[in-house]
Each structure stands twice: as C-alpha cells, then as structure tokens.
Amino acid sequence: MDLVFNDEQRFIREEARRFLADKSASERVRQTVNAGTGFDAGLWSAIAGELGWCAMAVPEAHDGLGLGKTELAILMEAAGERLAAVPLWSTICAGVPLLLAVASDEARQHYLPRIAAGEIAVAVAWGNAGAVDPLSATAVVAEATEAGYRLGGRVAQVIDLEAADVVLVPARLGEDLALFALERDAGHEVRRLETLDGTRQIGELTMRGLAVCAQSRLDGGAYTGRDVAGAVATAQLGLAAEQVGAARGVMDVTLAYVAERVQFGRTIASFQAVKHRCARLEVDLAEARALVYGAAATLEAGLGAETAREVSAARALASDLLFRASEEAIQLHGGVGFTWEYDPHLYFKRAQAACSLLGSPEDHLAVIAAGMFEEGAAA
Amino acid sequence: MSADTLTQLRTEVRAWMADHLRGRFEPLRYRGNAGDGDAFPELRKEWERELAAGRWTCPGWPEEHGGRGLSVAEQVVFQEEYGIAGGPGRMGHIGEGLMGPTLIAFGTQEQKDRFLPGIRAGTEYWCQGYSEPSAGSDLGNIRTRARQDPSTGDWHVSGQKVWTSLAHLSDWIFVLARCEEGSVGRNGLVFLLMPLDQPGVEVQPIRQIGGGAEFNSVFLDDAVAKPEHVVGKPGEGWKIAMALLGFERGISTLGQQMAFAQELDLICAIARENGASRSPAMRQRIAKAWVGLRAMRYLAMRVLSEDTSEEARRERLGYKYHWSNWHRDLGKLAMDVMGTEANLVGGDLRRERLQQLFLFSRADTIYGGTNEIQLNLIAEQGLGMPREPRGGLG
Ligand SMILES: Cc1cc2nc3c(=O)[nH]c(=O)nc-3n(C[C@H](O)[C@H](O)[C@H](O)COP(=O)(O)OP(=O)(O)OC[C@H]3O[C@@H](n4cnc5c(N)ncnc54)[C@H](O)[C@@H]3O)c2cc1C
C-alpha cells in the first residue's frame, strides 16, 4: 500500500484547492449563508459541469473517469476546507455508490452518464441520517400498484434535498428494501428547513400516496443492508475527508489570526499556551488524515470487517478533530471569535452538524468495540 | 521492490526468529524495551551476537559497511517480524541506529574501520552522552569541557553526563562537550568518542521508577579522548549531534508498533476474561486505542515515505508526539482494565508485562525531546510560529 499521492492525485488536489480558494472564498460562502439557501448554484455548475468532478466518481463504463476512493477523498477534503456549499458529497459519495451498489444496469445507464456529465445532482433520503447505518430505519413504505408503485412517508432530514435533481429514496416494500428515484417533477413535497450550518442544505421530504412508474424503482430486485454496506462506507469516508479538510481550513484561519494579533507587546502566536494548542491540533489532524487516506486505500481494495472499522475510526477521529479545531478557533480569536463577521462560527456550526451525521464519534467507537469483542481478534 | 521480495524476506525473518529466539533466549521475549533496558543484559548481548551471526544486525547499513543494504520497505518488514516474534529490545540499538550511521556519514575511513565492525558483530556497545544536569531540553547548555593537550593532541574531558542509558553495560560513549572557552549555546562544541573503561570515567547507575537502573550518571574527570576520535571538526559538535538524532527516523518504531499491537491484544484478552469488555465506558476507551494504533500505522507509512510535501514534513514533526502519548495512554488503560488486580506485583507474567508498560511508557514522552519540546518544534518548524524567547538564567 502506498499512501503517497501520485502525480495525478497531486494535480487534482492542487487544482481543486486553488479553484475553491478563489470560488468558495469566505465572502462567497457568506452570501450563501445569508441567503439561507445552503446551496451555491453557480459554484455547483462550475464543479459539476466545467470541472467534471462528478465524472471522477463514475466508472468509465458509464462515461465517467472511474477514479478511486483516494481521489474522492481528495475532492472532499478540498471542498471541506472551503465549506463549499454544493451537493458534492451527496452526489459522489452517497448517490453514485448507492446506484452502483443496487441499481439495475438499465437504471445505472439512465443516471450515471448524466451525473458524470454534471447534468444532475443527487440526494439520498437515508431513513436515519444520524445513524452509523443510515438505512437501518426507513420510514418510507412502497406498495406495488398496476402501473408501478405508490410511495408514502416522510423523511425528516434529507441533505441537499432542494439542490438535488434526483432524490434516491430507500423504501420498504413488504419485507424487502427497494430503491426509488424521484425526479424534480415527480410530485413529492420538498420543504426547505432552516439550518444551524448555513453551508449545507437540509430538506424534509414527504410523499403522500405518491404514484410513481415502474421505472422509478432502480434496484434490479430486493437488496439487503449488506449490499449497501460499501456505499455507506464510501459516504462515511467522504464525510470524514470533508471534516479533515474543514479542520485544515479553520486551523489556517486561526494560524493567520494569531500571527497578526498583538497583546502584551507581542503576537499572541508567540505565547506557548497558544503554540502548543495549535501544535496539538496539527498532530491530531495528521493522525485523522492518515487514517482517512489509509481507509480509502483499504476500501478501494474491497469491503471487509476491518475496512468498515477503519472507516468508522476515520469518522470518529475526524468528527472530534473538526469540532476541537473550530472551538479552539473561537477561543483563540477572543471576542471577534464570537462575532458573525469572523469565520470561526461558520466552521463551528459545520463541525457540530457534520458530527451528528451518519453516527456520532461515540457510535463509531461502539461499532469498533463490537468488532473487537464480538466478532474476532483485536489489532 | 516487488511484493514477492518482501514476502520472501518476511518468511525468512519469521523462520529465523522462530529458530533462534528460543531455548536459552526464551526469557528475552518482549523484554528490554525502552525503560526496561537493563533486563537480562548479558543474555541480550549474546542475543546480539546471535543476530550478528545471522547477519541480522545493521540490515539497513550499506553492504560495503557490512550491512544488507535493505531498503526502507525491507527494513520495515524486518522490524515488524522482529516485533511479532517478541524480539527483545536491542542492546546494540545506539550503535546500530545512531553511532554507525553517523560514522558512515561523517566519520573518517579510520573511524569506520575501527568502529563499524564491533557494532555489527555485537562485540562493542555504545551509549549517548548528551544530557547533563543543566542541559536537558536545553541541550545547547552543555558544560562538560574538553581541552586539547597541544603536545599529545589528546582531548581532556571533565564534567557530568546524566540519564545515560546503558552506560554501565557499554564500552564506548559519544560525548558532546564544549571545546571553546567562553562559547555559548550551539557554538564551540565538539563530538568525541571515548572508551568508558579508563581512569577518568565513573559510571553510577540511577534507580528508575520501575525499580531497575537502565540509565546512569557518567562522571568525567580528566578523561581522555584520542585526537583521531573526534567526529567532524572541533566546533562542529552541534551539527554532528543533531545529524545523529536525525538518523532515528522511526523505522525502529515500526517494529515497536507490532509490540504495541500485541500489548493492545493482551489488554483485550484480559478485558474479555474479567468482564471489563462489557463496560460501555471501557469499550469506548479500548476502541479509541485501536483507532490510534491504526492511525499510527498509516502515519508511519507516510513518515517513512519519500514524500517531500508540506504535509509530510509536518507529519514527520508530529509523529513522535503521537506515538509516545498513545503508548502512555495505553499503559493507563491497561491498568484500568485490570482494576485492583493491578495493585499486586509478581507472579503473573501478563500482569507484569502490563505493569511495566504502565511505568516504562512514562519515559516515552520525556526522552528524545519531551512532549513540550515536541510541541514547540511542531509550532515553530511546522507552523511557522515564533520561537520561544531565551531567558537570562544559567
Ligand atoms: C528513560 C530515559 C532514557 C534517557 N537516555 C538518555 C541517554 O541515553 N542519553 C542522553 O543524553 N539523555 C538521555 N535521556 C535524557 C533525556 O533526553 C532528557 O531527560 C530530556 O531531554 C529532558 O531533559 P531534562 O530531564 O533535563 O528535563 P527538563 O528539560 O528539565 O524538563 C522538565 C520539564 O520542563 C519542560 N520544559 C523544558 N523546556 C521547556 C520549554 N522550552 N518549553 C516548555 N516546557 C519546557 C519539559 O518539557 C519537562 O516537562 C534519557 C531520559 C529518559 C527518561
């Protein structure tokens, strides 16, 4: 296993970071936050369209570039660093892997090339966005009808719902699980919710006896939780990478501030209490980041029990890291850290919101412990 | 490097260790690591010679100096297998990992010819004479004086070294001393190689928290170093001393990780037996230890790579802080898992091993740069923050 980026990966990373430093700079993120949309449509059309980032996640057989988990993590890390308000994670880390995991050939061919071309953004209506296994509680019920299916139920929080052109909806069909796609005009109700983290959209999805055609069911036959475990792991990994990137972003904000601010006749960066706190965060960042890319490499090789544990490990570390980096940012900024005008609060809110998605650090540690004690050997 | 070569090497080392680390060497398993350096000293020296006979000392040295010229990846395999087999802490570590590479890089031909074979063969042992009572974290505050006799060219050295690991079991010491009168800090130092067995040298063991005495005070009273035993030029001592520390890039800590993994396994086994594994709080802590160990493994792979990126540079600076604190926390976890059982000593080998872990891991965050010094380095060299001001006292 080689954890050093190759030339192509380095290039992707540098270009992505350069682009977002310019196009998702603080003022731009603030416009999105102030507008209350949680979505920067202009930025998304550049990312999905001109830059073709979505194509990287789509296999070549479906007109994509078929790049791996490491590249996915690289893009998410870059997006996190600038709190890019786009449905990138939903589309390439949640939507595409879910389609690849359960959709029929026909359904893949219908959606994946359009995703690769940047024509559509995707959201996934996980039954429980807060659980390590977000498909564990699916409240949507499907019934077969003569013309197709009827969907009923409500999903309380769907990330990027309004921004998405297609919503993937896991539903219970009798004893089985089935996956449905709703395009914009399908007749479901979308309600934008006001969010703590203004850089990521959340919506409520309601279907009241919604009649859909047979083709909107994507899976080629019922699937189980096991079939989608790899897709969930990819979503977890992408989220962890995004968290690590956001930690980098907020730490750089802090480092720049402490280098400028003068008290007691010296910059506050020269106080050892300040230096040590920054240094400790830097060590933790390196740790979480190494785990993200290590887990990306093992996930690329296939999903085993160990891989799932590593992905959980990456999430546990990344969630803690981002929260601490952003709370330290507020603290080390002093009074201005408490203002709307300075950036720390943007990261702080993202930190809390992201930490709650797909399992808290404690949930992930519990999964790891179960793996160690109930399933087999430890290290 | 093909995966095949690595697998072949792995098989070879594994077989060799299984063949040799047994019989009279059996008691050495898992012993003699940092903090436990004075365990079974004579037997561990014999073990060094056993390794030497198998050409497993100094495998990373170039072949022209008697090594195997193993690549980093191959050395990692060797260290991992050594650790998995429970190979004891290396008595020859300072010679092999620090002195040898320094001589290979900076030594004269005569120095290489004189000293490298003894290190390789496990017949001459080295210790490190840097720290002094007034020069710990502030290593530049060295007071030991070296004066050259103009008639003989000999260096006469007086002063005190302290915390010198294994000095009582070593033959040679490398000493950082002040050779220019009135010089301060990093200037005016000389790097000398000195035999310990001479009239001006007295070694006094210091009892440690584990009860044993791995480190010592070394009193130098007009002790002599030969003119041909200066490494680099007089006045360049700091440069050589720092380069020596730079050779410790962490390959040996990879072997250490295998031992860490076994320690965690042992903790899990005990937790299963005594029911600690059913406590939600304990499970969280154990899971956290697993997470830290996994991260360490990937971090080590990045640290040992040839990556020259800014991230890699910062990761290298932070690696010691990460592993040493992880390991220290593991020691506490081990004791907490054992509960009141851990209050009793003797009798139970597994318990003893974890009690040693608890005590010895306290040294991890002190030697080789304390936690606080590591954080200073990360902040200053990694994050470009201002340097610590120097005070006016001693
Ligand atoms: C098991 C063991 C083996 C050793 N083996 C050897 C050996 O073989 N050869 C050798 O030369 N040395 C050896 N040492 C010595 C070791 O390198 C020193 O102990 C270490 O460098 C710390 O120096 P000190 O003990 O004087 O502590 P001090 O420097 O006095 O430190 C005391 C405390 O003050 C803190 N402190 C000091 N400076 C700063 C600062 N600038 N900012 C913030 N905090 C600061 C330290 O972090 C520490 O917490 C060994 C030590 C141990 C524990």
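This is a predicted model: local features need pLDDT of at least 70, side-chain atom pairs count only at pLDDT 80 or more; totals for chains, interfaces and linings use all residues.
**Ligand and interface: questions and answers**

Reader: How far does a backbone N or O atom of W163(B) lie from a nitrogen atom of the ligand?
Author: Good place to start! Residues are numbered from 1 along each chain as its sequence is written, and chains are lettered from A and ligands numbered from 1 in the order in which they are written. Between the backbone atom of W163(B) and the ligand nitrogen, the distance is 2.9 Å.

Reader: Which residue places an N or O atom of its side chain 2.8 Å from a nitrogen atom of the ligand?
Author: Backbone atoms take part too, as one of S131(B) lies 2.8 Å from an oxygen atom of the ligand. For the ligand nitrogen, the side chain to look at belongs to S165(B).

Reader: How much of the ligand's accessible area does the protein cover?
Author: On its own, the ligand has 970 Å² of accessible area. Such areas come from the Shrake-Rupley method with a 1.4 Å probe; for residues, only the protein chains shown count as cover. The part of the ligand's area that the protein covers is 68%.

Reader: Why is the ligand site called shared?
Author: A residue is near the ligand if one of its heavy atoms lies within 4 Å of it. Of the 18 residues around the ligand, those that come nearest include S137(B) and T370(B). The site is shared because the ligand is surrounded by residues from chains A and B.

Reader: How many residues of chain A are in contact with chain B?
Author: Contact here means heavy atoms within 4.5 Å. Chain B brings 41 residues to the meeting. On the side of chain A, the count is 46 residues.

Reader: How many salt bridges are there between chain B and chain A?
Author: Side chains of opposite charge can pair when their charged atoms come close. The rule asks for a side-chain nitrogen of Lys or Arg within 4 Å of a carboxyl oxygen of Asp or Glu. R13(A) and E311(B) meet in this way at 3.0 Å, N to O. Between the two chains, the count is nine.

Reader: Which helix gives the most to the side of chain B that touches chain A?
Author: The elements that give two or more residues to this side are helix 7 (251-274), helix 8 (280-303), helix 9 (310-338) and helix 11 (371-382) of chain B. With 15 residues, the one that gives the most is helix 8.

Reader: Which residue of chain A meets R192(A) in a salt bridge?
Author: R192(A) sits in strand 6 (residues 189-192) of chain A, and its partner is 30 residues apart from it, in the loop between strand 3 (148-159) and strand 4 (166-173) of chain A. The pair meets at 2.7 Å, N to O, and the partner is E162(A).

Methods. Side-chain values use heavy atoms; hydrogens and water are left out. Helices (H or I, at least four residues) and strands (E, at least two) are DSSP runs, numbered from the N terminus. A polar contact is a pair of N or O atoms within 3.5 Å; within protein, one must be able to donate a hydrogen and the other to accept it, and residues adjacent in sequence count only if both atoms are side-chain atoms.
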